[in-house]
Amino acid sequence: MAEIKENSSAEEHESYKLKRVRNKDDEFYNKLYAEERCKSFAFCKKEGVKQKEIMTLIQEDVRSDKQKSFELEWAGEKDAEAYKRKCVEDRRNSFAFHNMEGVKQKEDMTKIKEGISAGKQWT
């Protein structure tokens, strides 16, 4: 019986030793897991900051491109308006020139008719 008690006590002692080792392993694993988790969160946070900076740069580029596009569009519209005004002015000048030419030809024809009716010859 003493032997059984001794074996039982030794088994119990071995069981407690194994339990302590398992608990230490659990603590070590939990600590290691917590450290890895913190590192993972820190990495994710850094990546998030990088991605946000990249997105900000992309959005600024898009805004800049849109602004340049609007500026080019407005410059094109101004050029088109200036061209239209020039065309109107050129047409007005053309009409004025044709009108002057018509008046001049009329005056010349009147002089010729007056000269013919007066009996003058053009030389």
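Biologist: Why is F70 called partly exposed?

Modeller: Its relative accessible area is 41%. Buried means under 20%, exposed means over 50%, and partly exposed is what lies in between, with a 1.4 Å probe and protein chains only. F70, at 41%, therefore counts as partly exposed. This is a predicted model, in which local features need pLDDT of at least 70 and side-chain atom pairs count only at pLDDT 80 or more, while totals for chains, interfaces and linings use all residues. Residues are numbered from 1 along each chain as its sequence is written, and side-chain values use heavy atoms, with hydrogens and water left out.

Biologist: What makes Y29 exposed, and Y33 partly exposed?

Modeller: Y29 has a relative accessible area of 52%, so Y29 is on the exposed side of the cut-off. Y33 has 47%, so Y33 is partly exposed.

Biologist: How many aromatic pairs does a search of the whole structure find?

Modeller: It finds two. One of them is Y29 with Y33, stacked, at 6.3 Å centre to centre and 20° between the planes.

Biologist: Why is the pair of F70 and W74 called stacked?

Modeller: Rings of Phe, Tyr and Trp (its six-membered ring) pair if their centres lie within 6.5 Å; planes under 30 degrees apart are stacked, over 60 edge-to-face, and the rest tilted. F70 and W74 are 5.9 Å apart centre to centre with 15° between the planes, so they pair and count as stacked. They are four residues apart in helix α1, which means a separation of about one helical turn. Helices (H or I, at least four residues) and strands (E, at least two) are DSSP runs numbered from the N terminus. The protein has one helix and zero strands.

Biologist: How do you know that E89 and R92 form a salt bridge?

Modeller: The definition asks for a side-chain nitrogen of Lys or Arg within 4 Å of a carboxyl oxygen of Asp or Glu. The closest N and O atoms of E89 and R92 are 2.8 Å apart, so the pair qualifies. K50 and E47, at 3.8 Å from N to O, therefore qualify too. The count by this rule comes to four salt bridges.
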